[in-house]
Amino acid sequence: MEEKRNGLRVILFPLPLQGCINPMIQLANILHSRGFSITVIHTRFNAPKASSHPLFTFLQISDGLSETQTKDDVMSLLAQININAESPFRDCLRELLLESKESERVSCLIDDCGWLFTQTVAESLNLPRLVLCTFKATFFNAYPSLPLIRTKGYLPVSDSEAEDSVPEFPPLQKRDLSKVFGEFGEKLDPFLHAVVETTMSSSGLIFMSCEELEKDSLTIANEIFEVPIFAIGPFHSYFSASSSSLFTQDETCIPWLGNQKDKSVIYVSLGSVVNITETEFLEIACGLSNSKQSFLWVVRPGSVLGAKWIEPLSEGLVRSLEEKGKIVKWAPQQEVLAHRAIGGFLTHNGWNSTLESICEGVPMICLPGGWDQMLNSRFVSDIWKVGIHLEGRIEQKEIEKAVRMLMEENEGEKIRERMKVLKDEVEKSVKLGGSSFQSIETLANHILLL
Ligand code: UDX
């Protein structure tokens, strides 16, 4: 039954990336179920599908990006829209506040930690702002110290030190650092600084996470950012991430999975941003084929550098892949992970994918591409021990070995058992009386009092 509206409207403003839109729409659903009316302001680029969410109001603003412009470099894209969207966003928000009725007051703005101008805009309009962080809290806590870690002289890493923990950032290993920073180096520093400053000036910080996964990090986040912290996830089993998909999902995955045995299929997907080289793509293809396991493989068009889709595969390789597997352009990931036929997930460990895998109790093979994924994968393999880390070896033999180990061997069974325990723990957090359930109550009250 529809919960009674409380006379307050919350404005949400996601970053236009799939991994940021999904948790924002989940937050919208959570707040709506708590009686808040929802308006989502969004850019034209990667606009969420309004028709999938009839309960919310959607308002599009200009982002100044041209149709033909390449959007592959996420950092440049974010830098550019952070400049282009400021003025349209200010105008849109001002208008919303002017139109705001006595009977339905706009109570606050909640936007992604990656927007750099929103705190100033909200302050200038006397509107409280809360921040949604789409990363694990442990990663976000490192934002203030990342510039220092970069200059500590850990890079380049020698073989003897590669597996050492980064003292300021456990359980990250020194060999992970180069992929955390990518090619950006010191260019990241002003961005990190701005994110930290604007978060510290906000009225609260929300994580799609829970105490069961990172109680200590949530306490530390409170000490670092000095604002109220709300860990309100993972609510995937209540509000599916697939409902906010930007791409067309290949629904034939589900009947195909229906013809497979229980826990016999490995699902392979590297999310919405990671790209790989043609050589890496072919190594994964041969690894999967040689493993003789059934697989469902998402190859996002354009994600293999220099190729449109899967044309680098020879006809012979396609034939051998088709014996045991299915390749699609985009899948209804959450439904796939929840399917009884899925036994493992070869993933880039984006925070959404990692959470979705935990929620469905699916053990992982970790192939992180960069940034927060490096840390998420360490938690999966080294702390929670619910996955096998490929350690960046995109080689057919390594992939075949890891897939067989997870799907067929004793070690895989032990990993599966540990994942079951973790899933049960995390599930408790969103049930009545659980940590995330209570945090949602606290967040709703916090917004009511703003
Ligand atoms: C990126 C970062 O990697 C992530 O850590 C950060 O939190 C947000 O930005 P992305 O690389 O896209 O996100 O990965 P991920 O966080 O896993 O999000 C991908 C989303 O797309 C998931 O919710 C997943 O369910 C969905 N998805 C993916 C599909 O619906 N279908 C697919 O075929 C693949």
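Strand E4, helix H4 (residues 118-124) and strand E5 form a right-handed β-α-β unit. Here, right-handed means that the path from the first strand over the helix to the second runs clockwise, with the strands pointing away from the viewer. Helices (H or I, at least four residues) and strands (E, at least two) are DSSP runs, numbered from the N terminus. The model is predicted: local features need pLDDT of at least 70, and side-chain atom pairs count only at pLDDT 80 or more, while totals for chains, interfaces and linings use all residues. Residues are numbered from 1 along each chain as its sequence is written.

Strand E4 (residues 105-112) is mostly covered, with 7 of its 8 residues buried. A buried residue has 20 or more other C-beta atoms within 10 Å of its own, with C-beta atoms placed from the backbone. E4 pairs with strand E1 (residues 8-13) in the parallel sense over 6 bridges. Two strands pair if DSSP finds at least two bridges between them. Leu 12 has Ile 110 in E4 as its bridge partner. E4 also runs parallel to strand E5 (residues 129-133), joined by 4 bridges. Arg 9 stands opposite Ser 37 in E2.

These strands belong to an open sheet of 7 strands, ordered E3-E2-E1-E4-E5-E6-E7, with parallel pairing. Strand E3 (57-61) and strand E7 (229-231) are at the edges with a single partner strand each, so one side of each has no neighbour in the sheet.

A further open sheet has 6 strands in the order E10-E9-E8-E11-E12-E13, and its pairing is parallel. Its edges are strand E10 (325-328) and strand E13 (387-389), each with a single partner strand, so one side of each is left without a neighbour in the sheet. Strand E12 (residues 364-366) pairs with E13 over 3 bridges in the parallel sense. Cys 366 has His 389 in E13 as its bridge partner.

The ligand has 27 residues around it; Gly 19, Gly 271, Gly 350, Asn 352 and Ser 353 come nearest. A residue counts as near if its C-beta atom, placed from the backbone, lies within 6 Å. Helices H1 (18-33), H13 (333-338), H14 (351-359) and H15 (372-383) are the elements that give two or more residues to this shell. Domain 1 (8-243 + 432-449) and domain 2 (247-427) both contribute residues to the shell, so the ligand lies between them. The domain bounds come from an automatic or database domain assignment.

Methods: Buried ≥ 20, exposed ≤ 12 C-beta atoms within 10 Å, placed from the backbone.
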